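Please look over the sequence and the model shown here. A short report follows.

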Protein chains: 2
Amino acid sequence: MSRIYNFSAGPSMLPVSVLEQAAKDLVDYQGTGMSVMEMSHRTPVYEDILSRTECSLRSCMGIPDQYAVLFMQGGATMQFSAVPLNLLPEGGCADYTQTGQFSSKAASEAKKYGTINIVASSKADNYTHIPHITPDMLTPGASYLHITTNNTIFGTTYPRLPETGGIPLVADMSSNILGQVYDVKDFGLIYAGAQKNMGPAGMAVVIVRRDLMGHFRAGAPVLLDYQLMADNDSMYNTPPCWTIYMAGLVYDWVLKMGGVAEMEKINRHKAGLLYDMIDNSTLYTGAAQRPYRSIMNVTFTLPSDELTREFLQGAQQQGLVNLKGHRSVGGIRASIYNAMPVEGVEALVSYMKSFELAHK
Amino acid sequence: MSRIYNFSAGPSMLPVSVLEQAAKDLVDYQGTGMSVMEMSHRTPVYEDILSRTECSLRSCMGIPDQYAVLFMQGGATMQFSAVPLNLLPEGGCADYTQTGQFSSKAASEAKKYGTINIVASSKADNYTHIPHITPDMLTPGASYLHITTNNTIFGTTYPRLPETGGIPLVADMSSNILGQVYDVKDFGLIYAGAQKNMGPAGMAVVIVRRDLMGHFRAGAPVLLDYQLMADNDSMYNTPPCWTIYMAGLVYDWVLKMGGVAEMEKINRHKAGLLYDMIDNSTLYTGAAQRPYRSIMNVTFTLPSDELTREFLQGAQQQGLVNLKGHRSVGGIRASIYNAMPVEGVEALVSYMKSFELAHK
């Protein structure tokens, strides 16, 4: 087997030990005589997988009891709809910050369900920074403030969370959940698509303060009702059983690695290697402004499209793949989530060095 | 490895060869150096998996070009919402038949979006048969007639499709898709959760006549828009990549086995073995009326709860598992989808015989 370093923004790398465990148990899960993919979700063995998965996520993030944990289908995009359908009353209003493509999509979708105020935006600067949010910028009576903690495409993150003056903070944490430490109690709701830092695509995790549930919009699709999902332990209908199982293996891996604090330490080290390289280079230019740099998605550009193409081709030949930046930023994006080993980042830095030397 | 015979109604058995292939390729898919679970959906290798999967399904079912094939998240339950949101105009009406629990749920959900007429029901007979539908029973101007081709819980199926006099027929085919031959051209829309006859849970396949799309309800969650999903080849957001891949392996297996016609022949043989046993027994009573018997879910009862418990315990000891009937029918349910080998059904019949002899 020859594994490569996959810098994809998502779906993205999974820990090799997790994949090996999954492969080993795929046909016959721990002597049950069946695959996890074949298990009725209404059997003790699967119920045990589900409850251990939730338990491991609670351990990883220190999720208090007053928060429900939901495993839902549809990824983060479905949550763009579900959040207002659950938290925004008919005729109500909510505040959104616009810090990238996904936060814009979240706001557009929410506009179907009420008054949405964009209280701050970095669009005019092509999302190279994160606006500073203070309570006086927010709408009195807003049901929540929505932020995207890490912007996958632009490689930016909040250096500190906005102060909301009591308005519940709702966060799309798809691209840095489990990658750095957050205090769940700072949020009313956290959601995250699974396919960046948690497992295969096909699921979103929702962590929601229980008192915010119970106001689901009449006439909306039943499967988006947080209270119903909480009351049914995420099994109102058949859940994405395999995806949940895989996420559970990843959560256990994070715990075994020392938890999220340790992951953050490693991630800061990995990102530091790349940013140091960029900052000491005359060839590479960081795309994000320094105070807002993400430790998950490192974005930079080269002086020309031709050099960028050459850089990507050379990287591919060395087993460093999916480094092409999103078309709205151009250049290079290295997504270095938890499962990207330090060795992968070191290999990339080493390649960047030799590429720069060859193009002096 | 000791595989067992799993008669679960869903999630349910998958072909062993499919599981073995998936296990073999799990860590490193065909020399790409990564798992299918780690692949960006925007890469040629994954786009190839997706397009081959669609192509194989089209081959299996003979799906003509004028039908779009969509891979969506949320299972059949999400389609209970999506179907009216796409096909039922504001203020419009649709007809539903009530032939079991899921058809009732589909109708309840649709009532959020328009006038829903239950044109026929077998509820008064605890769903032991399927009402005969004729065009004069339908509502003039109805947007569609919704049926459930196979009722998983009650073990019934339509001996022939309803005549609708031109009203588009919409079918929830979750529990017998690929298990028996249908002519797609008889339907306006077919949908099916993946976890019975197609793959792991976490996805629904939607096969929709293209002229029926394009009328998505304003203000509904964006991910449920059929036209949008068709325009984006099911990749408006990150699709459930692994689930699609697994479904593709199952489609290829069906084709290798000789296609759906051959699967139906085998399924009729398997069901026949069980129904013959039931009909020649004084201990077992078939739950469904004969003309409506399903070849996917065989339901029967024993004279007492005590005998039922004893039957289930003995079966479990012989590696025949998940045979307990749904609480609304009681007794026994043997789900014998495509992946249940004839040997599994023969083992069950043999056990039924010896159990009957021991209780004469």
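Is Cys60(B) buried or exposed? Cys60(B) is buried, with a relative accessibility of 10%. Buried means under 20% relative accessible area, exposed over 50%, and partly exposed in between, with a 1.4 Å probe and protein chains only.

This is a predicted model, in which local features need pLDDT of at least 70, side-chain atom pairs count only at pLDDT 80 or more, and totals for chains, interfaces and linings use all residues. Residues are numbered from 1 along each chain as its sequence is written, chains are lettered from A and ligands numbered from 1 in the order in which they are written, and side-chain values use heavy atoms, with hydrogens and water left out.

## Cysteines

A disulfide is a pair of cysteine sulfur atoms within 2.5 Å. By this rule there are 0 disulfides over all chains. Cys60(A) is buried, at 10% relative accessibility. Cys60(B) is in no disulfide either, and its nearest cysteine sulfur, in Cys55(B), is 10 Å away.

## Two copies and their interface

Contact means heavy atoms within 4.5 Å. How many residues of chain A are in contact with chain B? There are 60, and they meet 60 residues of chain B.

The size of an interface is often given as the accessible area lost when the parts come together. Buried area is that loss for two parts, found with a 1.4 Å probe and summed over both. Chain A and chain B bury about 4,600 Å² between them. Carbon and sulfur atoms hold 63% of it. In chain A, Val27(A), Met37(A) and Glu38(A) lose the most area to chain B. Together they make up 14% of what that side buries.

Charges meet rings across the two chains. A charge sits over a ring if NZ of Lys or CZ of Arg is within 6 Å of the ring centre and within 35 degrees of the ring normal. The charged end of Lys105(A) sits over the ring of Tyr236(B), 4.8 Å from its centre. The charged end of Lys105(B) sits over the ring of Tyr236(A), 4.7 Å from its centre.

## Aromatic pairs

Rings of Phe, Tyr and Trp (its six-membered ring) pair if their centres lie within 6.5 Å; planes under 30 degrees apart count as stacked, over 60 as edge-to-face and the rest as tilted. The structure holds 25 aromatic pairs over all chains. Two of them are set out here.

| Pair | Centre to centre | Angle between planes | Type |
|---|---|---|---|
| Tyr182(A) and Phe187(A) | 5.8 Å | 80° | edge-to-face |
| Tyr284(B) and Phe300(B) | 5.4 Å | 80° | edge-to-face |

Helices (H or I, at least four residues) and strands (E, at least two) are DSSP runs, numbered from the N terminus. Tyr284(B) lies in the loop between helix H7 (260–279) and strand S11 (285–286) of chain B, and Phe300(B) in strand S12 (residues 297–301), so their pair ties together parts that are 16 residues apart in sequence. Tyr284(B) is buried at 3% relative accessibility, and Phe300(B) is buried at 0%. In the other pair, Tyr182(A) is buried at 14% and Phe187(A) at 1%.

Ring pairs also link Tyr29(A), Trp242(A), Tyr245(A), Tyr29(B), Trp242(B) and Tyr245(B) into a cluster.

In helix H4 (residues 101–110) of chain B, the buried residues include Ser103(B), Ala106(B) and Ala110(B). The buried residues of H4(B) pack against parts of chain B, among them helix H3 (75–87) and strand S3 (93–98).

His132(A) lies in the loop between strand S4 (115–121) and strand S5 (145–148) of chain A. His132(A) is exposed, at 54% relative accessibility. Leaving aside neighbours within four places in sequence, His132(A) is in contact with Met137(A) and Arg160(A).

Ser143(B) lies in the loop between S4 and S5 of chain B. Ser143(B) is buried, at 18% relative accessible area.
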